[in-house]
Amino acid sequence: MSRAQTPLQKYLAQYAETESSELNELPELTWQRVVVIPAFRESDQFLRRFKHTYGTLAAPSTMLVLVVNRPDSISHCPENHQLIEACYQHFGPLLWQKNNLSMMSEGPLTLLLVDRETVPIPVKQGVGLARKIGCDLAAALFEKKRLTTPWIHSTDADTHLPENYFSPPDHSINRGAQVFNFRHFGNDADPDCAEATHIYEQHLNYYRDGLSWAGSPYNFCTLGSSLAIHAETYAQVRGFPRKAGGEDFYLLNKAAKLQPIVQRQEVTLQINARRSDRVPFGTGPAVAKILALQAKGNAFATYDPRVFIYLKNWLAYAPSLWTILQSFPKSPLDAANLKACTDAVPKALFPAVSALNFDAFLQHAAKQCRTDRGFWQHFHAWFDAFATLKFIHFLQASNFPPIPIDQALRDFAEVSRG
């Protein structure tokens with residue numbers, strides 16, 4: 001009788017990109033660490049940094065999966081060709097090659113180069129597909145026992161990685177995902193960009209801190225350049241989504257439903273502050289928006305802290321829903337039961353909650369939940385990072401318009417001390 005497939009084996013067989021099925025007849029090597037970097041229009045500076053930081057002979061064996069890619073909306077990218085040539089200069093002769101995969105090595109470092117310049121990526125799938133290709137390859141190497149670590153790191157070419165980047169989490173953390181601390185830094189050549197990026201970083205940290213104060217389990221920053229995910233968890237969430245932006249948000253949102261995200265504050269990544277139009281949303285477009293506002297003499301606006309007060313009140317109220325549901329007969333809830341639930345929600349909160357398909361959640365919870373813990377799991381699976389953002393945006397649109405970020409930070413400091 002054949003053994004049942006593990007979730008990782010099932011993922012690789014059914015959902016992984018084709019590159020991951022081509023890792024046959026590899027050199028007899030194993031690696032202790034792995035990181036995936038998608039690259040589009042990048043120089044080789046990150047390769048130089050990587051070799052300098054992790055390339056000493058005494059360092060652990062490390063695999064860099066580099067996905068050089070271009071969208072199919074453009075026909076040619078000279079920077080990509082130059083980067084591919086630089087890979088051979090930095091890492092020497094080929095160890096192995098198959099189709100668009102090439103492996104080369106120098107010292108403890110191995111580069112697995114994925115050429116998606118020659119075979120471009122659909123523009124609508126963008127960086128999400130590029131990350132997915134690289135992480136699928138890393139997951140396949142782990143399944144083949146060529147990687148001794150289950151942790152797949154994801155970062156970007158503009159990110160400076162510290163020496164402790166690959167340090168493992170606490171031994172009790174054996175699944176899930178990690179996010180690392182980060183700081184953006186600018187250069188004297190473009191002080192406006194540096195300032196705009198600093199403002200955007202403040203916005204990201206403010207949102208995370210607001211969620212933390214409110215008691216949300218989705219209180220983490222979602223940057224593709226500063227995360228790592230366990231191979232088994234990666235398989236359970238079916239990898240990075242094929243999206244041209246926001247792929248990191250969707251991956252971590254799914255992973256957080258399986259296990260709390262580990263925040264590694266002791267590991268700080270330095271990210272270049274730069275102008276970029278590589279993705280349709282995220283840091284690059286946000287910085288461009290801030291620069292445009294500043295050019296007109298306007299301040300960047302962010303969330304009014306009162307949205308986090310409402311969020312805190314909603315999360316504090318949520319256990320009361322379970323108490324009400326337990327008083328009803330078995331599901332499905334009838335109209336009177338549903339009305340009793342919705343009427344019990346504080347009136348100030350109900351409009352934002354009702355915009356989130358609240359009735360369907362109540363019916364599902366009434367049918368599936370048997371314990372307090374089960375209800376709480378179902379609640380946070382429904383009221384996830386995406387629903388939290390929609391809740392806050394509803395409040396912003398209906399009651400609390402954005403305010404200048406300096407004012408928001410001052411007001412939130414007062415609120416969180418109260």
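I began with L94, which stands opposite M104 in β4. The model I am reading is predicted, so I note that local features need pLDDT of at least 70 and side-chain atom pairs count only at pLDDT 80 or more, while totals for chains, interfaces and linings use all residues. Residues are numbered from 1 along each chain as its sequence is written, and side-chain values use heavy atoms, with hydrogens and water left out.

I then looked up the pairing itself: strand β3 (residues 94-98) and strand β4 (residues 101-106) are antiparallel and share 4 bridges. For my own reference, two strands pair if DSSP finds at least two bridges between them, and helices (H or I, at least four residues) and strands (E, at least two) are DSSP runs numbered from the N terminus. Another bridge that I checked here links Q97 to S102 in β4. The two strands form a hairpin with 2 residues between them, and N99 in the turn has a positive phi of about 50°.

Moving on, I found β4 joined to strand β5 (residues 109-121) by 6 bridges, again in the antiparallel sense, with S105 partnered by T110 in β5. This hairpin also has 2 residues between the strands, and G107 takes a positive phi near 60°.

**The sheet**

I traced an open sheet of 10 strands with mixed pairing, in the order β3-β4-β5-β2-β1-β6-β9-β8-β10-β7. β3 and β7 (159-160) stand at its edges with a single partner strand each, so one side of each has no neighbour in the sheet. I also noted that helix α7 (residues 247-256) lies across β8 (177-185) and β9 (227-230), and that α7 runs at about 45° to β9.

**Helices α2 and α3**

Which way do α2 and α3 lie relative to each other? I read an angle of about 20° between helix α2 (residues 45-54) and helix α3 (residues 78-91), with their axes 10 Å apart; axes are lines fitted to C-alpha atoms, for helices over the stretch in contact, and angles run from 0 to 180 degrees between N-to-C directions. The two helices are therefore roughly parallel to each other, a label given to angles under 35 degrees. The contact (heavy atoms within 4.5 Å) is made by F46, L47, R48 and K51 of α2 and L83, C87, H90 and F91 of α3.

The side chain of D136 makes a polar contact of 2.5 Å with that of Y11 and one of 2.7 Å with that of Y234. By polar contact I mean a pair of N or O atoms within 3.5 Å; within protein, one must be able to donate a hydrogen and the other to accept it, and residues adjacent in sequence count only if both atoms are side-chain atoms. Not counting residues up to four places away in sequence, D136 touches Y11, L12, A16, E17, S20 and Y234.

Last, I turned to Q9 in helix α1 (residues 7-14), which counts as partly exposed because its relative accessibility is 28%. The side chain of Q9 reaches the backbone nitrogen of T6 at 3.0 Å. Leaving aside neighbours within four places in sequence, Q9 is in contact with A4 and E143.

Notes
Buried means under 20% relative accessible area, exposed over 50%, partly exposed in between (1.4 Å probe, protein chains only). Angles under 35 degrees count as roughly parallel, over 145 as roughly antiparallel, 65 to 115 as roughly perpendicular and the rest as oblique.
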